[in-house]
Amino acid sequence: MIKLSSLLTEAMSRGGTIVDSFFNIANNADEIEGDNDGKDTFPIEVKRYGASADGKTYEEIEIRYGQEPNDYFSIYDYKFSEDPTSEENYQKEYDFSIGVPTGNKDAIRYAMKLGFKVEGMPKSNAEMGEDELEDYYLNLDNVDETIDENVDGGVEFFKRIAFKK
């Protein structure tokens, strides 16, 4: 018998968008697999699921960055008119969805931290220098509750999404 609480913890919602090619997303996932860049130096785990049975997605990549049940996100195409993994399309940029477990408040932050181009976020890790990167994540970890809700875009927008209560 399946408990309702089990179903609720597995519920996913769309957390954002990664605008990139399947080639870049898959390469980045392959490169970070096994790195100790997750929560508390948790080794990054990557699973590739391939196409869904109902044909709505061609590829789903799940990235686990911690040991808690909700410490992961998935990147997937959804109802694209063409296969982004095909030989003709794998280098074209598409709007891939980021799936996050319900209640996960840091998945988008980790997606960006792990080098994925999350739409609406500040520069990616690869675009920041080492000092800028350290300052950025230090500031996010120490964010206070006085966030200006009227500011759109950039770090303030990111804080509203990533730390929404």
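**Close-up views of the predicted model**

**View 1. The largest nonpolar core.** Ile-63, Phe-73, Ile-75 and Phe-116 touch the most other members of the largest nonpolar core, which has 26 residues (a set of buried Ala, Val, Leu, Ile, Met, Phe, Trp, Tyr and Cys residues joined through side-chain atoms within 4.5 Å; buried means under 20% relative accessible area, exposed over 50%, partly exposed in between, with a 1.4 Å probe and protein chains only). Two or more residues each come from helix H2 (22–32), strands E3 (60–64), E4 (72–76) and E5 (93–101), and helix H3 (107–113); helices (H or I, at least four residues) and strands (E, at least two) are DSSP runs numbered from the N terminus. This is a predicted model, in which local features need pLDDT of at least 70 and side-chain atom pairs count only at pLDDT 80 or more, while totals for chains, interfaces and linings use all residues. Residues are numbered from 1 along each chain as its sequence is written, and side-chain values use heavy atoms, without hydrogens and water.

**View 2. The salt-bridge network of Lys-39, Asp-71 and Asp-106**. A salt bridge is a side-chain nitrogen of Lys or Arg within 4 Å of a carboxyl oxygen of Asp or Glu. The closest N and O atoms of Asp-71 and Lys-39 are 3.0 Å apart. Asp-71 lies in the E3–E4 loop and Lys-39 in the loop between H2 and strand E2 (45–48), so this pair ties together parts 32 residues apart in sequence. For Asp-106 and Lys-39 the closest N and O atoms are 3.1 Å apart. Asp-71 is buried, at 6% relative accessible area, as is Asp-106, at 14%; Lys-39 is partly exposed, at 27%.
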